[in-house]
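Here is a short tour of a two-chain model, starting where the chains meet and ending at a single residue. Keep the structure open beside you as you read.

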2 protein chains.
Amino acid sequence: MPRIVQKYGGTSVGDVERIKKVAERIKAAREEGHETVVVLSARAGVTNELIARAKGLCPNPSERELDQLLAIGEQESIALMAMALHGISVPAVSYTGAQAGILTDKVHTMAKIKMVEPRLIERDLAEGRVVIVAGFQGIDDDGQVTTLGRGGSDLTAVALAAALRADRCEIYTDVDGVYTADPRVVKTARKLAEISYDEMLELASSGSKVMQSRSVEFAKKYGVVFEVRSSFNHNPGTLVKEEVAYMERVVVRGIAADKDQAKVIVSNIRDQPGSAAAVFRGLSNANVNVDMIVQNVGRHGVANLTFTVPQADTERAVKALEPVLAAVGGGEVAVHGRIAKLSVVGVGMKTHSGVAATLFQALADVGINIDLISTSEIKISVVIALDRADEAVRAAHAAFGLDKG
Amino acid sequence: MPRIVQKYGGTSVGDVERIKKVAERIKAAREEGHETVVVLSARAGVTNELIARAKGLCPNPSERELDQLLAIGEQESIALMAMALHGISVPAVSYTGAQAGILTDKVHTMAKIKMVEPRLIERDLAEGRVVIVAGFQGIDDDGQVTTLGRGGSDLTAVALAAALRADRCEIYTDVDGVYTADPRVVKTARKLAEISYDEMLELASSGSKVMQSRSVEFAKKYGVVFEVRSSFNHNPGTLVKEEVAYMERVVVRGIAADKDQAKVIVSNIRDQPGSAAAVFRGLSNANVNVDMIVQNVGRHGVANLTFTVPQADTERAVKALEPVLAAVGGGEVAVHGRIAKLSVVGVGMKTHSGVAATLFQALADVGINIDLISTSEIKISVVIALDRADEAVRAAHAAFGLDKG
């Protein structure tokens, strides 16, 4: 019997009516003859409510206790969904992360899955039940509740699909699938029928908010093919899978813009071995997420380092740089917040030259200045002014012929 | 180091301010040099909210899923309390029933505790932490969440006190302790400094709502001495313990009135062997809780059976009796709802005669008619009219000299 893992997010279980609608979808999957496993998030908003209550009691709640508290969100979702299924005569059973055998390390609030032991799930599937699993949570060797961090429910779904050797894995979300560009920005953006893991990863790290990178990485590692689709309609979504031969005809798969970045310029530091290393070691120790990096050596033996960080990290970055610059003999820090990072992604560009030239020309044609450039095998990213970002996405989308399909 | 188990109910953890107040109490217990374990209920109201949501999805939710759902109530309380303690610099850790090693049978919504394995709690106490445990819940052999039914959090506290060989067990509630009668009814009612398990049991089953019988039975079985006291003040409460020598001077310990009973009269059933047995087997199969029973045989070989049941059970009782009466050859059923059961309780009456006479005289003196009578070794109960109940309690309280101490 084919086996399916479905994951529904917080808006899909937001109230009784939505829970009932999802229950109908699950029933349909089962009636199509699938062994069905469903992963649920906490209903939208509940996590923030709980965190607010926690902060009312303790400004910096312990991560161990936060996990203990936040885990109840999904536990509510799964029990209610099992009841909704019972209400429409579908046999179903709910499992917390612990009961489902999601074993993690001990890093509270951002645990990593070490192993999945789906013994009970296998038993229930064999006995004809739908199994509803709490996403986002697991248990460590000591029986402590852990949570998996942002995007954790997607990760639970992908990990279960791998452990259960599921035939399909469907990630239901509030978007229809993965588009060639944000359809709110580019009217002619098209939904992709398929995309490779690597392209999805580059899009994820480039501001496309469909999924977190780690779930895609996990899926890639274990060869889990999954589909991103909407829980509000029945349109086919986007299949995410290993790169296949016919994908190579396409050079560029999509365009993403990340508007939550800031640019940090460290200028006039002494151009000597170890200066740049000291700067980035300092940032790393302060958990600052550095993305694009450019160094240029000026006159008089001084250098400038420019890099981008998430806007939320800028304050921490500036603070972390103070002692570093004092240690390497001086330098100044400046932050520019109003930037955007535009990324062009496609496995095809590995073997096609001219992608960079096409992008630069397209931006030049509409008078958009390029500030920083970085490239990977399947991505070119440029930093531009924030207020030109949407225009730049449209120009690039047209230049690569993405609206034509 | 002396060891204490404290239990706080749902009103004590009802909001952030109350949680903070309880945290201060816990801190004080620890600073007095106690190893401190705290059992918490779900905040008042949350259980009803969750049940309402469940019933919106399924009219008769599965008990297994109800347990899975309801357990989140205490899990919220314990995590928040641990954070509140951290906020005032008290090291603390929270445990669900499963983590605390509360092992139960598989009977969902009214599981029995089979064993307590407090290995992790012992470790944390040794390391100086306050341990916060979710009341009302446990885990069965299969790792399924179970709940213990009404009064379950008290039971968790008593069971932990037994397993941890605690020196003290304090049950915090919204009343000051156990009184000779309901102080709202009898102005001169006095708080008892001590009461025996058996007296407490008779009071519990006689409408005194301080605690459920099963926690008292458990405490008696394992010799756990506990104190019932208020979380809203610092008054000493009532110590519940094994009967001791000097208790014998007191004949009657207290008066309770149960106003939630109804009287059922089954009349004109054939007076033959097995009729009464058939009636009560039928009621038992329908889970009707029968309390006082009186049978009188009338003329012409017919009998009348009168018994009391909780008001909530009357409809079920009447329905259960229909097929029974048909089977034994006829009979009529009548229900009288407006009754009260008055109980006089005291271990001293085992060796003192005249208690019944004193009670009957006291009621006769104020013109209150007695309908049914039943007695145990340490209790006399009478059924009277509901609208005379308070007056009867006052008359009995005075007749046994309870206001004099």
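## Where the chains meet

The contact draws 26 residues from chain A and 26 residues from chain B, with two residues in contact if their C-beta atoms, placed from the backbone, lie within 7 Å. On the side of chain A that touches chain B, α1 (16-31), α2 (46-57) and α3 (63-87) each supply at least two residues; α3(A) gives the most, with 13 residues. Helices (H or I, at least four residues) and strands (E, at least two) are DSSP runs, numbered from the N terminus.

By class, this side of chain A has 13 nonpolar, nine polar and four charged residues. Here Ala, Val, Leu, Ile, Met, Phe, Trp, Tyr, Cys and Pro count as nonpolar, Asp, Glu, Lys and Arg as charged, and the others, Gly among them, as polar.

## About the model

This is a predicted model, in which local features need pLDDT of at least 70, side-chain atom pairs count only at pLDDT 80 or more, and totals for chains, interfaces and linings use all residues. Residues are numbered from 1 along each chain as its sequence is written, while chains are lettered from A and ligands numbered from 1 in the order in which they are written.

## A helix pair in chain B

The axes of α2 (residues 46-57) and α3 (residues 63-87) of chain B come within 9 Å and cross at roughly 150°. Axes are lines fitted to C-alpha atoms, for helices over the stretch in contact, and angles run from 0 to 180 degrees between N-to-C directions. Val46(B), Thr47(B), Leu50(B) and Ala54(B) of α2(B) meet Leu66(B), Leu69(B), Leu70(B) and Gly73(B) of α3(B). By class, this contact has six nonpolar, two polar and no charged residues.

## A closer look at Ala340(B)

Ala340(B) lies in strand β18 (residues 339-345) of chain B. Ala340(B) counts as buried because it has 22 C-beta neighbours inside 10 Å, the cut-off being 20 or more other C-beta atoms. Leaving aside neighbours within four places in sequence, its contacts include Ala257(B), Ile384(B) and Leu386(B).

Conventions
A residue is buried if 20 or more other C-beta atoms lie within 10 Å of its own, exposed if 12 or fewer, and partly exposed in between; C-beta atoms are placed from the backbone.
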